[in-house]
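Dear colleague,

I am handing over the structure below, and my notes on it follow. Please read them with the coordinates open.

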Amino acid sequence: MSFMGINWFKYSSPQAFYPLVGSMIPWFAAAAIVLIGVGLYIGFFVAPTDFQQGEAYRIIFVHVPAAWMSMFLYVVMAAWAGLGLGLNARPSFMMAQAIAPTGAMFTFLALLTGAMWGKPTWGAWWVWDARLTSELILLFQYLGVMLLRASIDDLRRADRASAVFALVGVVNVPIIYFSVRWWNTLHQGASVSMTAAPTMAVTMLTAMLLMTLGFWMYSIAVTLARMRCVIVERERQPSWGKNSSMQEVAEARSCNGGV
Amino acid sequence: MQWGSLTEFLAMGGYGLYVWTSFGATALCLMWEALAVWRRHTAAVAGNRDLS
């Protein structure tokens, strides 16, 4: 496959992917810092006070982006896992492996900030309502994927087992998303949706979307960085990190018998 | 801008505890994760260097 004069398939091999990604991470990290910085500024200094919830609503600027990322990252992780199963491709499994901890962290943050928002507005830290419960199950799914991988010594079996687990769990994502519509929940409905105009002030929406984009850039940066860790850990050979040629790497790999 | 003073900003209309816990926890988690990944990479590269 050649497009714009570049052989893109080259980057599906960890040897070529590793240095390319290394040079991309600082850009994503910088974008994340700028977007989150501007988002926080608008969220705290430009967006007005909510007429119903007072200042407590400002939790939305971390709660909603974290919750979106938790669901989105799960789908991305499962997609890589599925691609890995379909093509038997090592880098796809590595990508799924690199995404899981970040997804789990955002799920945890969505639950925690949700509790912080629930206490002043509902009077309870936690209720067993459909949205909250299904999001809690998502956290267990992330932990399950990670623990299943960690519990199997054979890397290829660990890859496949956790990929199947991740794929089956995708069914929970639409359940979380539509839970506020399918069941009577204490959790409020969507403020932003694909089909209707947002039911919030423009400045609030801007801040929330900027924070979401920032979290997105953060996730890309940190996932790619973890992907580099996974590559080095899994493909142990002396030549990583040096500016060695592809030829040298290939030789080193064949000497090791190819892991 | 709706904040008259720093105290007012920190109080968040009485919801300071909830708002700042949320933002603080998020900031801590994100920074901790970035640091953990960075340290993991350093350790992985160092462990690999011992191979040669």
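Helices here are DSSP runs of H or I with at least four residues, and they are numbered from the N terminus. This is a predicted model, in which local features need pLDDT of at least 70 and side-chain atom pairs count only at pLDDT 80 or more, while totals for chains, interfaces and linings use all residues. Residues are numbered from 1 along each chain as its sequence is written, and chains are lettered from A in the order in which they are written.

B:Met12, in the loop between helix 1 (6–11) and helix 2 (16–49) of chain B, has a positive phi of about 50 degrees although it is not a glycine. B:Met12 counts as buried because it has 20 C-beta neighbours inside 10 Å (the cut-off is 20 or more, whereas 12 or fewer means exposed, with C-beta atoms placed from the backbone). A:Asn88, in the loop between helix 2 (60–87) and helix 3 (90–122) of chain A, also has a positive phi, near 50 degrees, but counts as exposed, with 12 such neighbours.

Between the chains, 24 residues of chain B are in contact with 33 residues of chain A, contact meaning C-beta atoms, placed from the backbone, within 7 Å. Helix 3 of chain A and helix 2 of chain B have axes (lines fitted to C-alpha atoms over the stretch in contact) that come within 9 Å and cross at roughly 170 degrees; the two helices are therefore roughly antiparallel, a term for angles over 145 degrees on a scale from 0 to 180 between N-to-C directions. Among the residues making this contact are A:Trp117 and A:Lys119 of helix 3 of chain A and B:Cys29 and B:Glu33 of helix 2 of chain B.

Best regards

Key. Contact = placed C-beta atoms within 7 Å. Parallel < 35°, antiparallel > 145°, perpendicular 65-115°, else oblique.
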